Amino acid sequence: MIRFYAENGLFHLQTREFSYVMQVLENQQLVHRYFGKRVNHFSSSNKMTYLDRAFGPSPISGNRTFSLDVLPLEYSSNGLGDFREASVELRNSFGVGLDLKYQGHRIYKGKPALEGLPSSFATEDEVETLELDLYDQLTEIRVTLLYSVFEEGNFLARSARITTGAHATKIEKCLSFTLDMPRKDLVVHSLMGRYGHEKEWTRTPLTSGRYEIGSVRGASGHSQTPFIALADAAITEDSGEIYTAHLVYSGNFKAFAETSPLHHTRWGIGLNDQAFSWQLEAHQTFQTPEALLSYTDRGLTAMTQISHTFIKRHLVRSSFVDKVRPILINNWEATYFDFTEEKILELAQTASQAGMELFVLDDGWFGCRDNDESSLGDWFVNRHKLPNGLGGLAQAINDLGMEFGLWFEPEMISIDSELYREHPDWAIQITGRDPIYSREQLVLDLSQDQVCDYVIDSVAKILESAHITYVKWDMNRNITSMPESLANGERYEFHHRYMLGLYRILEALTTRFPHILFESCSGGGGRNDLGMLYYMPQAWASDNTDAIGRLSIQEGTSLIYPVNSIGAHVSAVPNHQVGRVTPLETRGNVAMMGGAFGYELDLTSLEAAEIQAISEQVETYKGIRETVQNGQLYRLAKTSNTQSTLFVHQDRSQAVLTFVKILAQPEAPLIQVRLKGLDPEAQYDCPCLGETFYGDELMNIGLTMPYVQKDYFSVQYIFNKR
């Protein structure tokens, strides 16, 4: 709900849990007044107080109490007296700085799409939008702030649109939002990491100064995720305030929180201004990516569940958003590049007998691809490996009762490829400088329309050549060697133009092939963000398939992203990434905590007893996957050595509890785990224990975990409501 009170220039935006209030001052400056727990009415109990602050520059002659440096500006500029992090920085013939004043606004039902960018969506009954114009009279620049309120979804979508008048200007920074709050007693929650250890849930208390994360890799990156949250220091899973911000973008970004000496905090998220600028000629417009803001005072579990629900209902566009994911087998760790059609069919035969539903053919099926040094860009079938082509292989796998999926890496190019020999100018590189390699490959220049057209056409031809129902879209290196043609005269537009090109490709292919389930991948979670989830409803969370390593990865990913978007597989031991040997039961239990469950090992080399155990895992997962993929997630009792995760079906008819102990310890205490989200009056049967429990007993007293002296021990309990 959006209300405007003309008598005092007040805008009050409301969702079911929070209020967001702005006000136009007498001098037409737009300031932020409140963001927090919903109030029905706002009467300025937090009165604007003006004081004479030393060294506080004032735009009003004779008034030393009015300073931009302490005002809670809704969208700030540099150069005119606000010395904090700016929302927007421009440079033109008038110098730097914008004196942004309120010019007008529009309120309407529904929400516009953002041209060329992924963004949230809803019906007109679910969302209301405010467009608020700020104008700088000298430069004739207009900044239109967009606010879309999802009242039941409990999110506010924010972005900015910058439009020039008669004069050209260069944008040097344009964040999607900044927000001032009158407190600094907060802890920053973010998702950090590295390759093979993505989405590490990190908590950092705010101190004086700045906290900042970001990426300049041309992708959101393994190391940092375009997400930031500010929470009470004492927040728990069940109580406490938390403010969150996601960025719907897959390229260079930054997020920050900056405290002032007056104990205020300015925070925001948007495009990374390092190596970025954008030239706007007269009467042109630039649109920032969208930021999604939310708030709850019900703790971390509520934050997670609100985020999961919103992303599935209002961001993931695919028709697969609520469909259960097929159980798959991927041949990568079973064969790597060394496979034949016979080997693939042998693996598929065993997988089919074990009850798996989808076979995914990974890298090595195209061009002359026998290693990672050639053929990227040559999207035609390697007939030496696959004499019957993809069509013949797909049909043979379909005859086994399985669907067929395929791996691509369409954004890349190998120097040893037909495509490079024909179009070396399509690769991102600097003329006269030796190429910078990563995984022996270069990146295609998606800022060029003809390159995007080639990717669309070549991938589409493959997808039309066989019955393909699943695509794994990989991206295994970051961007270096920015082309000179797009870095002239201090213009740094390339990274954003690349991302706009990628989004054009994804828009074309996912629209053209709506029956295909697309999974994004970037060496695992190197580009796992909301921009990609808009087009592809699931992501390969990490190349690290070790069950113990996956505990923190899947916990961090599921903190904000829906469980059914998380690809998680059972792999061989010793694990190919870390060498750890874990029981098959634990590998299965941990992988089942991800929503897109599957296997990535050579089934044909296993003993009969292991195949039988895998068949039983597959059968078990089929009975719980609706609960895991589309139910409610609860993080239960956790120690440095144990983790407990619970999934509860939306109708509370089933609950799945997974308990993992990392290392055996002498004389360890017993662990009691209290469940959540059950029907307190109902009885729940637990076949594994052969017992029946009441819901209130499981939630208030809890369940004692087994005392087993083994490393990497796990147990899975399934509770079915009578």
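## Second largest pocket

The second largest pocket has a volume of about 580 Å³, where volume is the space filled by probe spheres set on grid points joined across faces, edges and corners. The model is predicted: local features need pLDDT of at least 70 and side-chain atom pairs count only at pLDDT 80 or more, while totals for chains, interfaces and linings use all residues. Residues are numbered from 1 along each chain as its sequence is written, and side-chain values use heavy atoms, leaving out hydrogens and water.

On a 1 Å grid over the protein atoms alone, a pocket is an open set of points with protein on both sides within 12 Å along at least five of seven lines; a cavity is a set where a 1.4 Å probe fits but cannot get out, and lining residues have an atom within 4 Å of a point. Here 24 residues form the lining, and Met48, Val70, Pro72, Pro182 and His264 lie nearest the centre of the second largest pocket. Strand E4 (30-37) gives the most, with four residues, and strand E11 (169-181) supplies at least two. Strands (E, at least two residues) and helices (H or I, at least four) are DSSP runs numbered from the N terminus.

By class, this lining has 13 nonpolar, six polar and five charged residues. Ala, Val, Leu, Ile, Met, Phe, Trp, Tyr, Cys and Pro count as nonpolar, Asp, Glu, Lys and Arg as charged, and the others, Gly among them, as polar.

## Largest pocket

The largest pocket holds about 670 Å³ of space. Its lining has 33 residues, with Leu114, Glu115, Gly116, Leu117 and Leu500 nearest the centre. H7 provides the largest share, seven residues. Domain 1 (2-315) and domain 2 (328-630) each contribute at least three residues to this lining; the bounds come from an automatic or database domain assignment.

## Largest cavity

Eleven cavities of 30 Å³ or more are found in a search of the whole structure. The largest has about 130 Å³ of space. Among its 15 lining residues, Gln29, Leu73, Tyr75, Leu98 and Leu100 are the closest to its centre. Eight residues of this lining are nonpolar, four polar and three charged.

## Helix H6

Helix H6 (residues 449-465) has 17 residues. Its buried residues (under 20% relative accessible area, 1.4 Å probe, protein chains only) include Val451, Cys452, Val455 and Leu463. Helix H7 (494-512) and strand E28 (517-520) are among the elements that cover the buried residues of H6, with contact meaning heavy atoms within 4.5 Å.

Conventions: The expected span of a helix is 1.5 Å times one less than its number of residues. Buried means under 20% relative accessible area, exposed over 50%, partly exposed in between (1.4 Å probe, protein chains only).
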